[in-house]
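Keep the structure open beside you as you read.

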Amino acid sequence: MSRIVIHPGSPSARQFDLKPGSNSLGRGPANDLRIEDASVSTFHCQIIVTGDQAIVQDLASTNGTFVNDKPITRSELPAGQMFRLGAVPAVFETDHSSLPKTIGTPVAVRIVSQPSQRPASVPAAPIAAPVAAPLVIPAAAASHFTPAAASPLPIATPPPPSRLVAGNHPCKFHPKTLARYLCEKCDRYYCDLCVTTRHGDGVAHTTCRHCGGECVQVTQQVMRHESPGFFAQFPDAFAYPLRGGGVMMILFGMFIFAMLKVGQLMLGVGNLRLLICGIVLVIFTGGYLFAFLQNILQSTGAEDREIPELPGISNVVEDILLPFARFLGLNILCFLPAIAVGVWAVRSHHPLGGQAIIIALLLGGAYYPMAFLAVAMHDSILTANPLLVIPSIFKVPLEYFVTLLAFGAFLGMQALGDWISKTAFPDSFSTQSMSQLFLMIAVRLLGAFLNFYLMIVAVRLLGTIFVTGKERLGWFSGR
């Protein structure tokens, strides 16, 4: 078994097992090994393991991958090799490299006099053939040398290794923090805040603040597990939006979706002030909605069971404008052929122009989900290109077809809700009946809830395709 240890020799050391073949490392949740550090890129590097040999390859990371403090694009990793991901030190180990090294043989010791000071009456003592090179001690220091010291040097005993713990153990008093120490007296796991360091006999001892017992360092190990298949996880996608705070997320998503529609309506108004407000509203709501759905995909890629929290806004450019640019670029790339066919049909007045537009729209809609998944996982609009998307669709055809049906249900629910609302309430908000008004609002809210619920289900299924088909898709394997 091969492994890497990040921050080796420190209290924050963590061990990651490596599987044979390609292992992607980075800060993003879609990686095989996730390293949460600001200096590590979303997809930083990959380690390709073949037996006890490995090769590390940088994936165009921002802060680089280093071997022997030299930046590399591709390099061998012999057992015991130190390397660095950005500012995160790591070491590559195998079962053979982690065995304790053999301690050197005893050293023979003898005392010799300075040639100018040796008494003539004292012959040199015969020296047996030494096992290793002799250690020469001047006669000036012979008075401090006892016969016991002439015996072979004792073999140093290596320090006991840190206890290896399979899985993540929370701190006893800080459940959201991973434990770094185990108290052998009270048998509890603690973080750095719950232990103290005491010095005695020139040695630092880590002790428990609770009982004063000796603590041993815990090396966290990330355990791999096999995920159930796509169709085994299919029913779970319908329960996913309702777990934890999912209902509140749906309600908030309904509000964001409604604001996006309001912004789109403003774009059609001739008033310049409303036009500007509409553009701002579309950019903010569209960018935030895309970031929210991207969070769902990435948390699904990390195999989280509950819907993630709403994305924060600490930087407008990174949290709103860049997601909106990806959202806008994705729509243009997917439906550009339909736009071109529409322009051709209008100009040529071809009798089959309408059918051509419908076909182009259907093809763009079938292309869209996989392109959306690629952009969300890679954080780049460039991955929506057909050279990546089309082969990926044919690698997971059955799972993708089922997911397309879920997206079709989402769009169908949206169209059905609009048709029911217009048919049952033709007067809309201009009605004079308060009961009709409240009934119309209730129907529209229910339709919006079901609509957004199905959208989250469809996005969850799309993320499940990535989880269960990661090896087939091969997006982050060797280039």
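Helices here are DSSP runs of H or I with at least four residues, strands are runs of E with at least two, and both are numbered from the N terminus. What you're looking at is a predicted model, where local features need pLDDT of at least 70, side-chain atom pairs count only at pLDDT 80 or more, and totals for chains, interfaces and linings use all residues. Residues are numbered from 1 along each chain as its sequence is written, and side-chain values use heavy atoms, with hydrogens and water left out.

Start with the second largest pocket. On a 1 Å grid over the protein atoms alone, a pocket is an open set of points with protein on both sides within 12 Å along at least five of seven lines, a cavity is a set where a 1.4 Å probe fits but cannot get out, and lining residues have an atom within 4 Å of a point. Points are joined across faces, edges and corners, and volume is the space filled by probe spheres set on them. This pocket comes to about 910 Å³. Of its 28 lining residues, Phe327, Asn331, Tyr368, Phe410 and Leu411 are the closest to the centre. Helices H2, H3, H4, H5, H7 and H8 each give at least two residues to the lining, and H5 has the largest share, with seven.

Now for the rings. Phe, Tyr and Trp rings (the six-membered one for Trp) pair if their centres lie within 6.5 Å; planes under 30 degrees apart are stacked, over 60 edge-to-face, and the rest tilted. The whole structure has 12 aromatic pairs. One of them, Phe234 with Phe238, is edge-to-face, at 5.4 Å centre to centre and 70° between the planes. These two sit about one helical turn apart because they are four residues apart in helix H1. Phe252 and Tyr288 have centres 6.0 Å apart and planes at 70°, so this pair is edge-to-face too. It links distant parts of the chain, with Phe252 in H2 and Tyr288 in H3, 36 residues apart. Tyr288 has 11% relative accessibility, so it counts as buried (under 20%; exposed is over 50%, partly exposed in between, with a 1.4 Å probe and protein chains only).

Finally, Arg84 lies over the face of Phe66, 4.1 Å from the ring centre (the rule: NZ of Lys or CZ of Arg within 6 Å of the ring centre and within 35 degrees of the ring normal).
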